Number of protein chains: 2
Amino acid sequence: VVGLQDAQALVWPDWTGPERLAVALAGAPGVRWVQLVTSGVDAVRHLLDDGRTWTSAKGAYAVPMAEHVLAVLLAVLRRLPEHARSADLVPRPATTLHGTRVTVLGAGGVTAALLPLLAPFGCHTTVVRRRREDVPGADAVARLADLPALAPTTDVLVVALALTPETHHVVDGRLLALLPRNAHVVNVARGAHVDSEALARALAAGHLAGASLDVTDPEPLPAAHPLRTLDRCLVTPHVACPPELARPYLLERVRTNVARARAGADLIGRVDVRLGY
Amino acid sequence: VVGLQDAQALVWPDWTGPERLAVALAGAPGVRWVQLVTSGVDAVRHLLDDGRTWTSAKGAYAVPMAEHVLAVLLAVLRRLPEHARSADLVPRPATTLHGTRVTVLGAGGVTAALLPLLAPFGCHTTVVRRRREDVPGADAVARLADLPALAPTTDVLVVALALTPETHHVVDGRLLALLPRNAHVVNVARGAHVDSEALARALAAGHLAGASLDVTDPEPLPAAHPLRTLDRCLVTPHVACPPELARPYLLERVRTNVARARAGADLIGRVDVRLGY
């Protein structure tokens with residue numbers, strides 16, 4: 001990469017992988033700040049160091065992502081994927097979002113943008129987060145340790161938190177077994193938050209009403225994977241915030257952070273290298 | 001039907017057709033009030049008479065129907081039907097509901113229930129209605145005659161009005177040609193509001209970005225109809241308010257109207273026999 005020898009900051013517009021970033025950083029000893037364009041940093045975690053300031057795009061894509069969550073949630077509740085796939089034009093019993101109990105894992109931007117979209121549906125919302133702070137617009141706040149106790153009264157479980165060793169397989173067979181049979185799971189975070197095999201078994205056995213996965217483990221899912229063939233599962237190809245919807249939000253974030261860096265102000269989306277997000 | 005000879009009121013729980021209602025009324029000379037369970041009365045219009053009070057379920061199913069409108073709208077904008085149908089896991093350029101200009105035909109219950117669901121998306125909403133009254137929550141109100149002028153700035157056209165001779169084919173080839181190429185059409189009213197052939201031609205030619213039809217003309221659509229095979233069209237089998245979601249709202253409406261009838265109060269959903277809805 002040309003010109004990096006003298007650079008003090010690096011905006012790294014690479015969605016494909018960490019290898020080229022590692023090479024670029026090796027040739028850029030003066031870079032004190034790296035702005036990433038993804039919300040999650042799990043793919044570059046091994047590159048994060050205390051010698052630099054790292055900012056991710058966390059929160060930047062919240063508005064399109066929250067829209068995707070509502071879209072897939074309403075779609076699976078109203079059986080739209082099955083209507084789209086089938087030529088039979090046969091009604092299938094639908095459920096409604098109105099008055100449901102929604103548990104959202106994570107208190108980041110997606111959750112903040114999702115709560116106002118759920119408000120007109122009169123959902124009872126519980127946000128599961130690390131800190132004991134209230135979340136504006138949420139009816140309740142809980143911690144990860146409370147999740148098994150929350151599960152039996154959760155109609156909709158939305159996964160929208162960072163992937164860390166602590167949250168790997170946070171939705172496992174044990175948690176799925178605690179959800180009611182009418183429950184729906186939506187994952188827009190990282191595939192490894194959900195145990196794919198356990199989810200497929202729960203759906204196939206009717207222990208769960210439906211699922212929508214924008215991220216999967218593995219990703220992409222092999223064509224023969226049961227989650228690709230189950231009627232009540234919608235798999236989308238990591239499009240909760242596709243580039244054409246992300247672009248204006250990314251430009252806004254970079255513009256803001258460059259201005260803040262020049263002014264010596266705190267940067268938005270700073271990664272806590274120790275916490276890993 | 002037993003016991004109708006002495007009945008003064010009739011709640012007619014028949015979703016299938018008008019023939020049995022005609023027979024029942026012939027044997028029920030004392031019935032002064034007929035409560036229908038459908039929102040539209042186009043199927044029984046020939047039975048409507050000035051000698052009786054007719055009430056439809058208009059407005060009763062507004063909440064589930066508005067939810068369906070938002071569900072299919074977000075689904076087609078985010079290309080979910082295509083993701084559901086396809087095994088390729090290839091992203092398709094999506095659009096957002098945020099900031100769009102939404103024109104809703106009809107100022108009934110569905111529209112009243114839809115506007116709060118659109119509010120968090122910052123849509124600019126125009127409601128097309130017969131009267132010149134404001135609609136709470138709408139940014140603008142217009143009349144049917146204004147529709148050609150509104151079309152070029154309409155991103156989303158929602159059809160949610162009664163079917164009358166005046167609104168038959170209100171969405172015809174001429175109107176479709178005036179919509180921008182990014183426009184989406186949603187019909188949850190009656191199939192005959194939309195010229196199916198003109199819609200299929202517009203979609204196939206790329207003059208329209210997408211459509212979602214819960215009602216069609218003819219209904220059901222033949223398997224070979226182009227609207228059944230076009231990627232950007234989602235056809236659902238008249239499930240905007242399926243029986244399992246309608247039931248509590250219907251019971252509530254009947255209970256309310258029986259109580260009102262006993263008290264001599266105005267009934268809800270009274271049909272204007274002259275206007276035909």
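1. Salt bridges between the chains. Two salt bridges are counted between chain A and chain B; the term means a side-chain nitrogen of Lys or Arg within 4 Å of a carboxyl oxygen of Asp or Glu. B:Glu67 forms a salt bridge with A:Arg78. Their closest N and O atoms are 2.8 Å apart.

2. Basis of the values. This is a predicted model, in which local features need pLDDT of at least 70, side-chain atom pairs count only at pLDDT 80 or more, and totals for chains, interfaces and linings use all residues. Residues are numbered from 1 along each chain as its sequence is written, chains are lettered from A in the order in which they are written, and side-chain values use heavy atoms, with hydrogens and water left out.

3. Polar contacts at the interface. The rule finds 18 residue pairs in polar contact across the interface of chain A and chain B, both residues at pLDDT 80 or more. A polar contact is a pair of N or O atoms within 3.5 Å; within protein, one must be able to donate a hydrogen and the other to accept it, and residues adjacent in sequence count only if both atoms are side-chain atoms.

4. Who supplies the chain A side? The elements of chain A that give two or more residues to the side touching chain B are helix 2 (62–77), helix 3 (80–85), helix 4 (109–118), strand 10 and helix 9 (243–263). Helices (H or I, at least four residues) and strands (E, at least two) are DSSP runs, numbered from the N terminus. Helix 2 of chain A gives the most, with nine residues. The residues of this side divide into 31 nonpolar, six polar and six charged. Here Ala, Val, Leu, Ile, Met, Phe, Trp, Tyr, Cys and Pro count as nonpolar, Asp, Glu, Lys and Arg as charged, and the others, Gly among them, as polar.

5. Extent of the interface. In contact (heavy atoms within 4.5 Å) are 43 residues of chain A and 43 residues of chain B. The area buried between the chains is about 3300 Å², counted as accessible area (1.4 Å probe) lost on being put together, summed over both. Carbon and sulfur atoms give 69% of this area. In chain A, A:Glu67, A:Arg78 and A:Leu89 lose the most area to chain B, together 22% of what that side buries.

6. Helix 7 of chain A. A:Asp195 caps the N-terminal end of this helix, with a side-chain oxygen 3.1 Å from the backbone nitrogen of A:Glu197. After helix 7 of chain A comes A:Gly206, whose phi is positive, near 75 degrees.

Technical notes:
Buried area is the accessible area (1.4 Å probe) that two parts lose on being put together, summed over both.
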